[in-house]
Amino acid sequence: MPRPVARVLTLLELLQSGGLRTASELAGRLGVDERTVRHYIGHLTDLDVPVESVRGRYGGYRLAPGHRMPPLMLSDDEALAVLLGLVGGRRAGAASATGTAGDTATAKIRRVLPERLRLRLDALLGALAFTAPPGEALVPDSGILLPVADAVTHHRPVSIRYTASDGRRSERTLHPHGLVAHSGRWYLTAADLTAGEDRTFRLDRITDVRTLPGSFEPTEGPDPAERLLTALATAPYRYEVSLRVQGTAEHIHARLPAGIALVEDPPPPGDGKPGDGGPGEAEPGDADTGDADTETDGWSRVRLRVERLDWLPAVLASLDRPFVIERPDELRDLVAAFAERLRRSARRDPRDD
């Protein structure tokens, strides 16, 4: 590459690092005089790179916002960080714009990487494994995502056209609370003025969004992520499960995440009421586990809404805490059958195999 071209690209990299750069500083970094710096600045402006000149004693040059993104100069570490972010974002469903934008951005960066770095990146991606299999990421369109995000930030009401899971279409006016990326999907939590209650909307089901005049005062309450997890945990399902578990919400949520189960913490010591599963009160039929924690932990109420019950006995066993099934009765039978299978397996003589 001819030296003047290399210096112009170096100048662009210096300006992209941010801040105001004086002509003398740039001249010293490039090994040229200030007149040549001004000549190189002219080359950048001819390429539509928005370089802003600030006059005065403390003046200099800086990049200004432009109508399009200028060429980016990335170090090896920066290029690696961007590519890993694109790969991780695609796996997590947190990629923005359209589903192909991340792929095309990745391809563009890979094409200009030095061969030594590209080969090392290929080795890294080939050796990298994820603990969860890739799921179907439903990425919202940028024409929906960006105006919704702007409305959340500036507390602007919006009107949306929405298609529900059963195919019904509606137009709604919302006061948006926040955006949440969860399990490969994007959600908007908002006060639905049409329905008069807080609701959660999947962004991939929003077909149109308009920002309305005015603003609103945000209401106090849980953060958007907590609102979403609560909404998912209380969505209508075939079975409503109610349990009491001797343990804290932290321990229970290690096996039953917040998006699946609602856990009411036990009351403080001394506040237990007879017959209400208070701290230190033994439940009929509970076995003494000998665990010091279970002797002091109160009884938390756990509520779930699920389509199937067959997976719950193993999860309840993994909690390793006494529990009481309040409803449904079908779950009692499944837990009893699961316990019987474990009992038979534990007593099986290996010589019988």
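Visitor: What should I keep in mind about the model before reading local features?

Guide: The model is predicted, with local features needing pLDDT of at least 70 and side-chain atom pairs counting only at pLDDT 80 or more, while totals for chains, interfaces and linings use all residues. Residues are numbered from 1 along each chain as its sequence is written, and side-chain values use heavy atoms, with hydrogens and water left out.

Visitor: How many aromatic pairs does the structure hold?

Guide: Rings of Phe, Tyr and Trp (its six-membered ring) pair if their centres lie within 6.5 Å, with planes under 30 degrees apart counted as stacked, over 60 as edge-to-face and the rest as tilted. The structure holds 1 such pair: the ring centres of Tyr162 and Phe201 are 5.0 Å apart and the planes stand at 85 degrees, so the pair is edge-to-face. Tyr162 belongs to strand β3 (residues 158–163) and Phe201 to strand β6 (residues 197–202), 39 residues apart, where strands are DSSP runs of E, at least two residues long, numbered from the N terminus.

Visitor: Is Arg172 buried or exposed?

Guide: Buried means under 20% relative accessible area, exposed over 50%, and partly exposed in between (1.4 Å probe, protein chains only). Arg172, in strand β4 (residues 169–182), has 17% relative accessibility and therefore counts as buried; Tyr162 and Phe201 are buried as well.

Visitor: Which residues is Arg172 in contact with?

Guide: Contact means heavy atoms within 4.5 Å. Leaving aside neighbours within four places in sequence, the contacts of Arg172 include Asp192, Arg199 and Phe201.

Conventions. Helix = DSSP H or I, 4+ residues; strand = E, 2+ residues; numbered from the N terminus.
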